[in-house]
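Open your viewer, load the model and keep the selection panel handy. We will go from stop to stop, with something to select at each one.

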Amino acid sequence: MSLIFVAPDRSLSAWKDAIHKVDPNLDVEIWPQIDNPKRVQFAVCWNQPKHVLDNYPNLKAVSSLGAGVDHLLEDDFLPADVNICRVVSSSLIQQMKEYVLGTVISIQRNFVHYIRQKDQQQWQAHTHPLASDLAIGIMGLGKLGKPVAQQLSELGYQVNGWSRSPKTIENISTFAGRDEFSAFLQKTQILVCLLPLTDETNGILDLETLKQLQSPSWIINVARGEHLVDEDLIYALDTDIIKGAWLDVFSEEPLPDRHAFWNRSNIMITPHIASITQPSEVADQIVENYKRALSGMELNYEVDRQKGY
Ligand SMILES: NC(=O)c1ccc[n+]([C@@H]2O[C@H](COP(=O)([O-])OP(=O)(O)OC[C@H]3O[C@@H](n4cnc5c(N)ncnc54)[C@H](OP(=O)(O)O)[C@@H]3O)[C@@H](O)[C@H]2O)c1
């Protein structure tokens, strides 16, 4: 039986080594060099080519290489009896906390302005709000969103959170479902998207959403590019509906040279680096799930295919 990695845009030798450190006897192969497709029972994937998993008739389960699973669920041909799971780790959470805190503070304290001013030897102070006067709204209170919200709250920001099902989190005002979405937005200045990409959340960062934020407002998208309607963001920036955006994810990655976002001084761009999975940290989870799949047990961090996350 074998476990395969299918991630064409990643260097996978570190992954193979990390798996072998956990279990030296495990048969690990890296796509496309697969000796015998019939032996493959578990696949770990990231941006896998469409239909590539059709080649493995005895596949029992598939794990995402990261926290998101949209690349797996959009593969309509993955049989219903193939279970899907993902990885979650303390370093994924820590990195996301760092990224969101860094962007929030950069926005609050005008750091981008000061970096640009320094290049022009310009000495000019800007006013900034106190943390206690800044309302941050976190969309998605899951494995990543909840600790991100808690960290901001502990640092003194006003924090609101929005999820599908109701939650109670100390010192955070929580909202749930579509019915409470407007109330959540109306209490928010910096909107952070940490939702999974599903049919319900695709395009959720549209003009209607942006218009409801408290002014002046910013968005930080660290979830998936498809959450954002690109033309609506450009319109909202051009008409002063919102002040700026910090984007780590894009509908097309790498962001194409011709894309309008590149030329906007009020859009900050990072190349999908907010939180990167470390092989050594999740290898044991993958091996554990591989063994669970072989013995027909429920997987850890299993995805609900109906909910889409
Ligand atoms: N940029 C990067 O480097 C990077 C790295 C890692 C992950 N990500 C992205 O971050 C996303 C979130 O990860 P996670 O591990 O925190 O996910 P998660 O644990 O599955 O949590 C998802 C959260 O979103 C909420 N949600 C889902 N659908 C919703 C809807 N229709 N309306 C309102 N709330 C909804 C869920 O509500 P309930 O709690 O009620 O279920 C839950 O709180 C991933 O899917 C991935 O796309 C990006």
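**Stop one: a parallel pair**

Select strand β4 (residues 61-64) together with β5: three bridges join them, and the two run parallel. Helices (H or I, at least four residues) and strands (E, at least two) are DSSP runs, numbered from the N terminus, and two strands pair if DSSP finds at least two bridges between them. To find one of these bridges, pick Ala-61, whose partner in β5 is Asn-83.

Before moving on, note that this is a predicted model, in which local features need pLDDT of at least 70 and side-chain atom pairs count only at pLDDT 80 or more, while totals for chains, interfaces and linings use all residues. Residues are numbered from 1 along each chain as its sequence is written, and side-chain values use heavy atoms, with hydrogens and water left out.

**Stop two: the sheet and its helices**

Now widen the selection to the open sheet, where five parallel strands follow the order β2-β1-β3-β4-β5. From one strand to the next the twist averages 25°; axes are lines fitted to C-alpha atoms, for helices over the stretch in contact, and angles run from 0 to 180 degrees between N-to-C directions.

Next, show helix α1 (residues 13-22), which lies across β1 (2-6) and β2 and runs at about 175° to β2. Contact here means heavy atoms within 4.5 Å.

**Stop three: the ligand**

Center on the ligand. Which residues are closest to it? They are Arg-86, Leu-144, Ser-165, Lys-167 and Tyr-309, out of 29 residues that surround the ligand; a residue counts as near if one of its heavy atoms lies within 4 Å.

- Leu-141: a polar backbone atom is 2.9 Å from an oxygen atom of the ligand.
- Glu-200: a polar side-chain atom lies 3.0 Å from a ligand nitrogen atom.
- Ser-275: a backbone N or O atom is 3.0 Å from a ligand oxygen atom.

On its own the ligand has 950 Å² of accessible area, and the protein covers 93% of that (Shrake-Rupley method, 1.4 Å probe).

**Stop four: backbone details**

Select Trp-31 and Pro-32, which are joined by a cis peptide bond with omega near 10°. Pro-32 sits in the loop between β2 and β3. Another cis bond joins Glu-253 and Pro-254, with omega about -5°; look for Pro-254 in the loop between β11 (244-247) and β12 (267-269).

Go on to Asn-110, a non-glycine residue with a positive phi, near 60°. Asn-110 is in the loop between α3 (90-108) and α4 (111-119). Is Asn-110 buried or exposed? Its relative accessibility is 13%, so Asn-110 counts as buried (buried means under 20% relative accessible area, exposed over 50%, partly exposed in between, with a 1.4 Å probe and protein chains only).

**Last stop: strand β10**

Finish on β10 (residues 218-221), which is covered on both faces: Trp-218 and Ile-220 are buried on one side, Ile-219 and Asn-221 on the other. Four bridges pair β10 in parallel with β9 (190-193), and Asn-221 is the partner of Cys-193. Four bridges also join β10 to β11, again parallel, where Asn-221 partners Leu-247.

Definitions and conventions:
Polar contact = N/O pair within 3.5 Å; in protein donor to acceptor, adjacent residues only side chain to side chain.
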